[in-house]
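Trainee: I would like to go through this protein with you. Could we start from the model itself?

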Amino acid sequence: MTTAELETWLRETNPARLETLWARADATRQAHVGDAVHLRALVEVSSHCTRRCAYCGLRAERRNLPRYRMTAAEILAAARQAAATGYGTVVLQSGEDPVLDADRLANLIQTIKTETPLAVTLSLGERRAEELAAWRAAGADRYLLRFETGDETLYEAIHPDRSGRAGERLALLATLRNLGYEIGSGVLIGLPGQSYTSLARDIARFAELDLDMVGVGPFIAHPATPLGRGEGPAPLPAHHQVPNTEAMAYKVVALTRLVCPEANLPSTTALASLNPAQGRELGLQRGANVIMPNLTPRSYRALYEIYPAKACLGETAQEGRTGMEARIRAVGRTVGRGPGGRRRSATGHGA
Ligand code: 5AD
């Protein structure tokens, strides 16, 4: 699909036409990754962050937010619980927290890999190449790093201290690939100043990068951030501005499935937060094949406040797992077993 075609779909509002998009995305998902929905146990290991991203509730300048950092023992307990509850993957996510240094985390990764059958995915932000290499050597399998937006002017406007450095996340993704990680990336949908054309280019870029995983979700304004206070980039005229709506998020999920047929695509928490009753299911029916239930200890969960009203703040690991399984079956799908890594078809590009 060309960028122009992607943009036309992003602008589509006719319900009958959109039904054809959902059907194509669902058929492509079925043909390439099957009916299994892979569950990833998300553990938010630290809410400390040195960065000042204008959209994120964990930004360093938010000084009145109490911060936590899980101990190695707590993280290991969460991973053991994930394995015991039947998950195939644990995702360790945090703000950019220098205290989680190479050694400290490498030991932990090694222990998880030795003691459990879990695949380990890291989502720890922009880290030094030596750290990424040490974690890979310790056994980490995958790394998630969204590039957030490919529009360099917008990227720099919402990432203070990153002027002239908009390409760094893309360079890091290449580093991660060379280290042998499966790589995941993605963007925010509906940032003020984000145009249809730039979002269409971002979707095309997912395919160029041959991503193993793509996470996309609507931007949700957090009142304690510059974007939430209206201090960021001004919205574009309505004809150009991407809205941060649920409908737009489904279009991006569906188009991402069409351009990256083999990728693992989560139906994200941000989507579930916009529509707690149906968002996850609709994502699964419009191209997604992964869900990331939250296994962060409940006492910490509310403090990992990237955006307000995050879905599933209250439920326990077992409730999360059982409830999710029932919801997956209710839409005619099965729960994936094992690590659920990227499948590459024999003729797949970039294989
Ligand atoms: N709304 C939605 N998603 C957000 N993220 C950060 N802040 C927000 C927000 N306000 C996403 C970013 C980041 C991921 C972990 O969370 O895309 O990469």
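Trainee: Is Tyr300 buried or exposed?

Mentor: This is a predicted model, and in it Tyr300 has a relative accessible area of 18%, so it is buried. The cut-off for that class is under 20%.

Trainee: What does Tyr300 form an aromatic pair with?

Mentor: Its partner is Tyr68, and the pair is stacked, with 4.4 Å centre to centre and 5° between the planes. A search of the whole structure gives 4 aromatic pairs.

Trainee: Where do Tyr68 and Tyr300 lie?

Mentor: Tyr68 is in the loop between strand S1 (36–46) and H3, whereas Tyr300 belongs to helix H12 (residues 298–301). The pair therefore ties together parts that are 232 residues apart in sequence. Tyr68 has 4% relative accessibility, so it too counts as buried.

Trainee: Which rings have a charged end over them?

Mentor: Tyr250 is one of them: the charged end of Arg286 sits over its ring, 4.8 Å from the centre. Tyr181 is another, with Arg136 over its face at 5.8 Å from the ring centre.

Trainee: Let us turn to the helices. How many residues does H3 have?

Mentor: H3 has 13 residues, and the distance from its first C-alpha to its last is 18 Å, close to the 18 Å expected at 1.5 Å a residue.

Trainee: Which residues of H3 are buried?

Mentor: They are Ile75, Leu76, Ala78, Ala79 and Ala82. These residues cover an arc of only 160° around the axis, which puts them on the same side of H3. On the other side of H3, Ala73 and Ala84 are exposed.

Trainee: What do the buried residues of H3 pack against?

Mentor: They pack against S1, S2 and H4. Just after H3 comes Gly86, which takes a positive phi of about 100°.

Trainee: And H4, how far does it reach?

Mentor: H4 (residues 102–115) has 14 residues and reaches 20 Å from first C-alpha to last, close to the 20 Å expected at 1.5 Å a residue. Its buried residues are Ala102, Leu105, Ala106, Leu108, Ile109 and Ile112.

Trainee: Why do the buried residues of H4 line one face of the helix?

Mentor: Seen down the axis of H4, they fall within an arc of 165°, so they line one face. As background, an α-helix has 3.6 residues a turn, so residues three or four places apart point the same way. Asp103 and Thr114 are exposed on the face of H4 turned away from the buried side.

Trainee: What covers the buried residues of H4?

Mentor: The cover includes helix H3 (72–84), strand S2 (89–94), strand S3 (119–123) and helix H5 (129–137).

Trainee: Now the overall picture. How many helices and strands are there?

Mentor: The protein has 13 helices and 10 strands. Its C-alpha atoms fill a box of roughly 50 × 45 × 40 Å along the principal axes. For 351 residues, a compact globule would have a radius of gyration near 20 Å, and the 19 Å of this protein agrees with that. Of the 351 residues, 56% count as buried.

Trainee: What about contacts between residues 24 or more positions apart?

Mentor: They account for 78% of the contacts with a separation of 6 or more.

Definitions and conventions
Residues numbered from 1 in each chain as written. Predicted model: local features only at pLDDT ≥ 70, side-chain atom pairs only at ≥ 80, totals over all residues. Heavy atoms only, no water. Helix = DSSP H or I, 4+ residues; strand = E, 2+ residues; numbered from the N terminus. Expected span 1.5 Å × (residues − 1). Buried < 20%, exposed > 50% of the residue type's maximum accessible area, 1.4 Å probe, protein only. Arc of directions from axis to C-beta. Contact = heavy atoms within 4.5 Å. Phe/Tyr/Trp six-rings, centres within 6.5 Å; stacked < 30°, edge-to-face > 60°. Lys NZ or Arg CZ within 6 Å of the ring centre and 35° of its normal. Rg over C-alpha atoms; globule rule 2.2 N^0.38 Å.
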